[in-house]
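Me: Hi! I'd like to talk through the charged pairs in this one. Could you take a look with me?

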Amino acid sequence: MFTLAEVASLSDIQPTYRILKPWWDVFMDYLAVVMLMVAIFAGTMQLTKDQVVCLPVLQSTVNSKVQPDTSGKADFTTVETTTGQEEASTRTVSFRSAPTVPPDILLSRATSSQYPPTESGQELKKEQKDSSGRKTNLDFQQYVFINQMCYHLALPWYSKYFPYLVLIHTIILIVSSNFWFKYPKTCSKIEHFVSILGKCFESPWTTKALSETACEDSEENKQRLTGAQSLPKYVSTSSDEGSPSASTPMITKSGFKFSADKPMIEIPSVTILDKKDGEQAKALFEKVRKFRAHVEDSDLIYKLYVGQTVIKTVKFIFILCYTANFVNTISFEHICNPKVEHLIGYTQFECTHNMAYMLKKLLISYISLICVYGFICLYTLFWLFRIPLKEYSFEKVREESSFSDIPDVKNDFAFLLHMVDQYDQLYSKRFGVFLSEVSENKLRGISLNHEWTYEKLRQHVSRNAQDKQELHLFMLSGVPDAVFDLTDLDVLKLELIPEAKITAKISQMTNLQELHLYHCPAKVEQTAFSFLRDHLRCLHVKFTDVAEIPAWVYLLKTLRELYLIGNLNSENNKMIGLESLRELRHLKILHVKSNLTKIPPNITDVAPHLTKLVIHNDGTKLVVLNSLKKMTNVAELELQNCELERIPHAIFSLSNLQELDLKSNSIRTIEEIISFQHLKRLTCLKLWHNKIVSIPSSITHIKNLESLYLSNNKLETLPAAVFNLQKLRCLDVSYNSIAVIPVEIGMLQNLQHFHITGNKVDVLPKQLFKCVKLRTLSLGQNCITSIPDKVSQLLQLTYLELKGNCLDRLPATLGQCQLLRKSGLIVEDHLFDTLPSEVKEVLNQDTSIPFANGI
C-alpha cells in the first residue's frame, strides 16, 4: 500500500507557483489530501483486520458419535448420506488428536451425521450440557477456506475495492488540478511568468515608481500636502494634474528632484536608485516586453485550465452518481452459497463483514468531501465563464497612478494576471509598472542622468569646422538633463535617441542656434518650444518615415535653414506636410535629400523667401521642375543625382541665380547653355560628374562666370571660348580625356585655381605661367615629362600637384615660388630629392603668411 507521503508527492508543485493557485484550487488540494487519508486509512484497515467470518447454516439435526480410544486417542467417524441419490453412501473421515485435547473441542470438530444419535452420544451430551453452540464438525482450515471464498462471492465489489477506488479517483483529481503546471507548453510560460512577476514585485524601482505616482486626490496625499512645508529640500512638493510633467525626473547639482503627483518623505537612500538596481529594472522592462509579445499570441493556458476544470467536474458527477448507489450495499451480514458442498458439507453460510460499519462511515465522509469538491468545481466554472478572462484591464492601476499608458493585455497574459489577482492584487499592480512606457522612460532618465554628468558631457564637446562648440549624442535612451547646463554650446546633435525630450531648461542655452535631429522624433515642452522658436536658426532632420518629423518643426518662425534627409517619394508627398512650411517666413535655405520624382507644389509657399534650394536625389529621376520658376529669389540651386539628361529650362527663369550645381546627373549635351546669358548674376556653374562630350562655344556669353566645374565628364578638348571668360577664377576639368592645354589659357589673367588632374596632357604651354594669380595648380596623373622653369613666375602658388606623371626631375626655380611649401607640393619623394638642398630648405620652411585656397 502507498504511504501518505508517496501519494502526496503527486500533488507537489514548485512553491513559487502558489501565486497562481486561487483559493478554490488550494481548498481542493486540501480536500484531495483528506480523500487520500480516507483511502489510505480504509486500505490499511482492510489489510490489517479479518475480512469476513462465516458459519454454516445447519439444515438438519446434528448427530455426532464419539468413541474414546484405549490409548488415549479418540476416533471420530462421520457418516453422511448424499441427498442426490436414493442409496446411501458412507464416507468415513477420521480425525486423530492428542489426548490432551479437551472433549468439547473435539466434539465441535465432528461432522454432522444423518444417523440417529446413539445412547452413548446422548450420555455424552448430557455430560456436556453446560457447553453452548452448535456442532458443525468443520476444521479450522475449512473455515479459512470458506472465509476467503465467501469474501469474493458474497461480499459486494464496492465493499472490497472502495479504498482503492478512492485512491485512484483522488490521484486523477490531483493530476487534473496541477496538469497545467506540468504540461511543457504551458509550464515554460508559467515558469517564466512567475519568475518575472517575482522580480517585478521585489524590484526597488517598483516601490519607487508606485510611491511617487500615487493618486493625487487620495486622503493620504491631502494629509501630506498639509505638512509639505516640513519636507526636505531635495523633495519636490509640486503637484501636477493628469500625466506627469515632461520635465521630470531630472538631476541637478543641488540634489535629486521629482515632480510627482504625491509628495513623499523618504530618506535619500530610498530616493536615489543605485546603478545596479537601475540596470536590473531596465532588464526587467525588456523581459516583460518580450514575454508579453510571446504569451499574448495564444490562449493555450486558459484553454488547458478550463479543460482540466471540466474534467474534474465530470469526474465529480461520475463519482457521485455511482457511489450513491452503493452506500446501502455495504452491510454487516451476508449470505454465502459457495457451491462447494462436496468439500465442506454445507450449502449455505452466514457471514459477517467486520469492516462494514467503518467502511460505511468512511464512504459517507468521502461522499461529503466529493460533494464539497464538486461544488467548488462548479464555482470555478462559473468564475471562468462569468467574466472575459482573456482580457485584463489596468484601469484601476491607471487611476491610482500617473502611469496612464499601462496597456490592457489579452489571452494567456490576461488569464495569468486574473489568477494572480485571486492570490493578491498587489502583484498585478506592481507588475503593471513594467508595462508602462512612461515608467520605463522615467527609469531611463534616472539611469541616464546618473551616467551622463555635466563633467562627462563637457569632455565630449568639440569644435567643428566653423569653430563652433558642438556636442554629438548618439544612441542614448534620452537627453541627459546636464546637457542643458552647457550654456555656451552652439550646436547640439541628437542621433538615434527615440525618446528624446527637450525640457524647459534649454532656455539656458542662449548660444544654441543649430540643432540636429537624426532619427530622433524629439518631444518639446511648451516653454522649450517658445525658446527654440525665437532662437533656433538652423535645423537638420534625418528620418526614415515622414511621421518622424516633429510637428513643431513647421512652427519655428525664425528658422532660416532647414535640412530634411529621408524618404519623400511620390507616394508620401501628400503626407510630407511641407504645406506647413508657409509658416517659416524667414526660411532662406531648404536642403532636401530624398528620392523625389517632382518638386512638391507646396514648396512654392516658401519659394519667394528661399535664397538656396538643394535637392539631392538617390538616383530617382526628377521629372517635374516647373515649380522652380516661382523661386525668383533663389541664388543657389543644386540638383544632384536627379538623373537629368538636359539642363532644365525652368532654371533659365531664375534671374537672381548666382550658383548652379547639376552634379551627378546624366547630362550629355549642354547646348542650352546659351540661355544662361540671361542670368546676369550667374558666377558659378558646376556640371561635374556627368557625361558631357563637348563644350559649346556659346559658353562665352556667360560673361560673369567665375567658377566652372567640368570634372569627371568625357571631354577631349577645351574650346577657345572657355578662355574668353575673363572673370574666370576657377577652372576644373579633372578626370576627362584632354590631351592638350590650349595656349589661350594665358588669357585668363584672373585664374587662381586650375585643375586638370587625371587627363592625357604631356606638355605644359608656357602661356599657362602667365596666369600669375594661380594659387592652386593640379597637374597630377597626366603624361607630363617636364616642368618649365617659368613656374617661378607663379609667385602666389601655394599648391602644386605633380604626382603620377613622367617627370625625372623638378626645376630648381620652384624655390622662387615664395608661398609654396613642401606640404603643398604633391610629388614623389625621389623627385623631391632631385631638388638642390637650398631649394629644399626653402620649401621646408614654415610660413606664417596666411593664405586661402578660395575654392
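Me: How many salt bridges does a search of the whole structure find?
Reply: The search finds 18 salt bridges, each being a side-chain nitrogen of Lys or Arg within 4 Å of a carboxyl oxygen of Asp or Glu. This is a predicted model, where local features need pLDDT of at least 70, side-chain atom pairs count only at pLDDT 80 or more, and totals for chains, interfaces and linings use all residues. Residues are numbered from 1 along each chain as its sequence is written, and side-chain values use heavy atoms, with hydrogens and water left out.

Me: Nice. What does arginine 289 form a salt bridge with?
Reply: Its partner is glutamate 286, with the closest N and O atoms 2.5 Å apart. Both lie in helix 11 (residues 275-295), 3 residues apart, about one turn of the helix. Helices here are DSSP runs of H or I with at least four residues, strands are runs of E with at least two, and both are numbered from the N terminus.

Me: And which glutamate does lysine 290 meet?
Reply: Lysine 290 meets glutamate 286 in a salt bridge at 3.9 Å, N to O. Lysine 290 and glutamate 286 are 4 residues apart in helix 11.

Me: Switching topic: where do lysine 390 and aspartate 299 sit?
Reply: Their side chains form a salt bridge at 2.8 Å, N to O. The pair links distant parts of the chain, 91 residues apart. Lysine 390 is in the loop between helix 14 (356-386) and strand 9 (391-392), while aspartate 299 is in the loop between helix 11 and helix 12 (300-324).

Me: Is aspartate 299 buried or exposed?
Reply: Aspartate 299 is buried at 15% relative accessibility, where buried means under 20% relative accessible area, exposed over 50%, and partly exposed in between (1.4 Å probe, protein chains only). Lysine 390 is partly exposed at 30%.
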